[in-house]
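Here is a friendly look at some charged pairs and paired strands. Please keep the model open as you read.

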Amino acid sequence: MTSLIVPLRPYPALLLKGGSKRILVVADLHIGWEVRLAEQGIYVPSQTPKIQEKMLQLIQLYKPTGLLFLGDVKHAIAKVEMEEWRDIPDFFQTISEKVQDIQIILGNHDGNLEPLLPQTVKILPPTGIALGNVGLFHGHTWPAPNLLNCPNLITAHVHPTVAFRDPFRFRITRQVWVKAQCNSMKLAKSLLEHLRIRVDKNPIFSLQEHFKVKSRTSQLFIMPSFNDFLGGQSINQKDLGKSSGSRAFIGPILRSKSVNIDNAEVHLLDGTFLGTVNHLKNLA
């Protein structure tokens, strides 16, 4: 099945359309993040009602047959905060009344998430899932080898933003979508090395030999966070991935140098094309 990737402007969400299926994909809700601010003396009302309202608007507008959360539903990494015990069950109970097929790919903040969810919600591993020609994973871990068979990968985790400074040196940040080209051979080689599998002269052949998977990935899409109150990684930061040997990047796939971030296309949520990352570095 071929899935068509449709960004839902001006929302930080996309729709995967294939056959009779319409899968609404969002990432990085970080429900309960306000608790961390409160611990520092900054009191912000719960944003979960606003997040829920935005989800319900999307469901009403696009009538998806399924929902896929691309990781980091909750904010506390290993434990569950009291606010999460309250907000997350209510959130999923409400949206499950509108859409029955709900799946969550676990992110690095989703420890002990399962007890908070209705039994109908399906939990998937952080290594991701393939839906037709599209592979989806959160991004804090490597994707499963079978996802490399997909020409398109979609990840989250980074909360990508761009930063600008105006003539008065005021700093402006905006959420963005990032679309980057991938080198399938470098990607296969990096994944095999991560799995501690000996790489022959051609890593694509090695991947096929060990996992019966052809490395076809040519594009990587990085989703913005659905919670627009969050910060993120400024992808046009001038020293990003340079002097530190790419360690400044968040997530192993970006640190592998198999993704051409410098020439990646950057779009605002409304679809405005801003240019490439390399171009935008001059404006940071």
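Lysine 281 and aspartate 262 join their side chains in a salt bridge, 3.0 Å from N to O; the term stands for a side-chain nitrogen of Lys or Arg within 4 Å of a carboxyl oxygen of Asp or Glu. This pair links distant parts of the chain, 19 residues apart: lysine 281 is in the segment after helix H7 (277-280), and aspartate 262 is in strand E14 (residues 259-268). Helices (H or I, at least four residues) and strands (E, at least two) are DSSP runs, numbered from the N terminus.

Lysine 281 is buried at 7% relative accessibility, while aspartate 262 is partly exposed at 23%. Buried means under 20% relative accessible area, exposed over 50%, and partly exposed in between (1.4 Å probe, protein chains only).

This is a predicted model: local features need pLDDT of at least 70, side-chain atom pairs count only at pLDDT 80 or more, and totals for chains, interfaces and linings use all residues. Residues are numbered from 1 along each chain as its sequence is written, and side-chain values use heavy atoms, leaving out hydrogens and water.

## A salt bridge within a helix

The count is two salt bridges. Lysine 189 forms one with glutamate 193, with the closest N and O atoms 2.5 Å apart. Both residues lie in helix H4 (residues 184-194), four residues apart, about one turn of the helix.

Four of the five residues of strand E2 (residues 14-18) are buried, so E2 is largely enclosed by the rest of the structure. Leucine 16 in E2 stands opposite isoleucine 5, and its bridge partner in E3 is isoleucine 23.

Note on methods
Pairing = 2+ DSSP bridges.
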